[in-house]
Structure formats: structure tokens, C-alpha cells
Amino acid sequence: MNNRLGTGAIIAAVLGLAASHASAETVHILWKDLRPATQAVAEDANLPMIAAKLLDHGETLSLNLQDKAIQLAGYALPVDRDGDLVYQFLLVPWTGACSHMPTPPPNQIVLVTPAHPYKMNEAYDPVAITGVLQPGMEKSQLFILDGVSIVQSGYTVRKAEVENVDSVPDTVTLPVNSPWNFLNKKKN
């Protein structure tokens, strides 16, 4: 009788684990998933997309991804670092955003706190983050070559797993006649 109870408890535990694993599936998202469907994409807004050009200044967030485990690829721009170890960074959809070019709208910036310090080779490393997405405006102080800038992000991912990637699938490529097109080289 005790054996049946023990076997039943094991089966229940396995089924519970399988159910929790199924509910914690990671959703692979693209940058467009972080903005309302009615908002222009960067190419339509005559790149780069500037928050001031948008009616809501890019502050309308996608709440359907709240508390979901997501994976998103983008470019890492350090906010809090010590040497090559980064403790917090902004994930942005194109290279040069926030420092060399105008800042994307808040719903196109994710403030990321890695689960473990991330070793960064250089600013705008292409990375994929995996973690739970939380909508909510946050301000970060960004130290750039020509001074300090305050950047507002629309999302946060804390305790994120970070991995280097070769490319970002939905990156915005700067036009050939852009004065910043030298940044396109980093994406290849």
C-alpha cells in the first residue's frame, strides 16, 4: 500500500513538472512584437525612428507579453559595467542607437540585467536575451563619448540569460547614404 502511494506521488510530481515546463515555454519574439501594430516601423518612419515623430512618443507598450518568457536578439549597449563585465545593459534594435544616432522609442528598448555578469567585447555586441519580459518605463543613465544621456526603456528583463549571436534577424539596416552606414559592418 505504501508502495502505491509512493508511486502515485512520483507520477503526480512528474506530471506537475511537465505542466510547469509547458507553461514556461520561451516565446521567440521580434522587435515589432514590442510595439503596437498601428505604430510605424523604422523603415516607414524614415530611419532612424525617433520617438518625437510618434503620436505617443513610443510609450505605448505591448502588454500581451507581460510575464512571458521571451527570447529577443538585439545589440547590447552597457549601462553598468566594470571593465569588460557588464551588470546591466540596454538591448536596442540597431547598432548606433542611443549613442551615435537618435534614441529609439521606449517600446523599442529593453533594460536587461543578466543573471550573471556578461563579458562584453565591445558596445553593440549582437546578443540574444532570454528571460521574463516586464513592461514598464525605466530611465537609465548612459555614459557616452560626448557626455551623459538619460534613456527611457519600455521593458525590462531581469535575471536574463545572455548569449552572443552572429546576427539579429530583424535588424534595421541603415541606408547606404546614411552618415552612420559604417555601423552596418558590425552586423555582418
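V110 has Y155, a residue of strand 7, as its bridge partner. Strands here are DSSP runs of E with at least two residues, helices are runs of H or I with at least four, and both are numbered from the N terminus. The model is predicted, so to speak of local features requires a pLDDT of at least 70, side-chain atom pairs count only at pLDDT 80 or more, and totals for chains, interfaces and linings use all residues. Residues are numbered from 1 along each chain as its sequence is written, and side-chain values use heavy atoms, with hydrogens and water left out.

Strand 4 and strand 7 run parallel and are joined by five bridges; two strands pair if DSSP finds at least two bridges between them. Strand 7 also pairs with strand 6, in the antiparallel sense, over 15 bridges. Within strand 7, V148 stands opposite F143.

The largest nonpolar core has 37 residues. Such a core is a set of buried Ala, Val, Leu, Ile, Met, Phe, Trp, Tyr and Cys residues joined through side-chain atoms within 4.5 Å. A residue is buried at under 20% relative accessible area, exposed at over 50% and partly exposed in between, using a 1.4 Å probe and protein chains only. The residues with the most contacts inside the core are L34, L72, L90, L91, V110 and I129. Two or more core residues come from each of strand 2 (69-82), strand 3, strand 4 (110-114), strand 6 (125-144) and strand 7 (147-164). Strand 2 gives the largest share, seven residues. In soluble globular proteins, nonpolar side chains tend to be buried together.

L90 shows what such surroundings contain. Leaving aside neighbours within four places in sequence, L90 is in contact (heavy atoms within 4.5 Å) with residues including Y75, V79, V110, L142 and V151.

What does a search of the whole structure find in the way of aromatic pairs? It finds one. F89 and Y118 form this pair, which is tilted, at 6.0 Å centre to centre and 45 degrees between the planes. F89 lies in strand 3 (residues 85-92) and Y118 in strand 5 (residues 118-119), so the pair ties together parts that are 29 residues apart in sequence. Rings of Phe, Tyr and Trp (its six-membered ring) pair if their centres lie within 6.5 Å, and planes under 30 degrees apart count as stacked, over 60 as edge-to-face and the rest as tilted. Both F89 and Y118 are buried.

S153 is found in strand 7 and is buried, with a relative accessible area of 0%. Its contacts, beyond neighbours within four places in sequence, include V110, G136 and E138. S62 is found in the loop between strand 1 (27-28) and strand 2, and S62 is buried, with a relative accessible area of 9%. The side chain of S62 makes a polar contact with the side chain of N64 (2.3 Å) and reaches the backbone oxygen of D33 at 3.3 Å. A polar contact is a pair of N or O atoms within 3.5 Å; within protein, one must be able to donate a hydrogen and the other to accept it, and residues adjacent in sequence count only if both atoms are side-chain atoms.

Helix 1 (residues 2-23) has the lowest mean pLDDT among the elements (45), and strand 4 the highest (98); pLDDT is the predictor's confidence in each residue, from 0 to 100.
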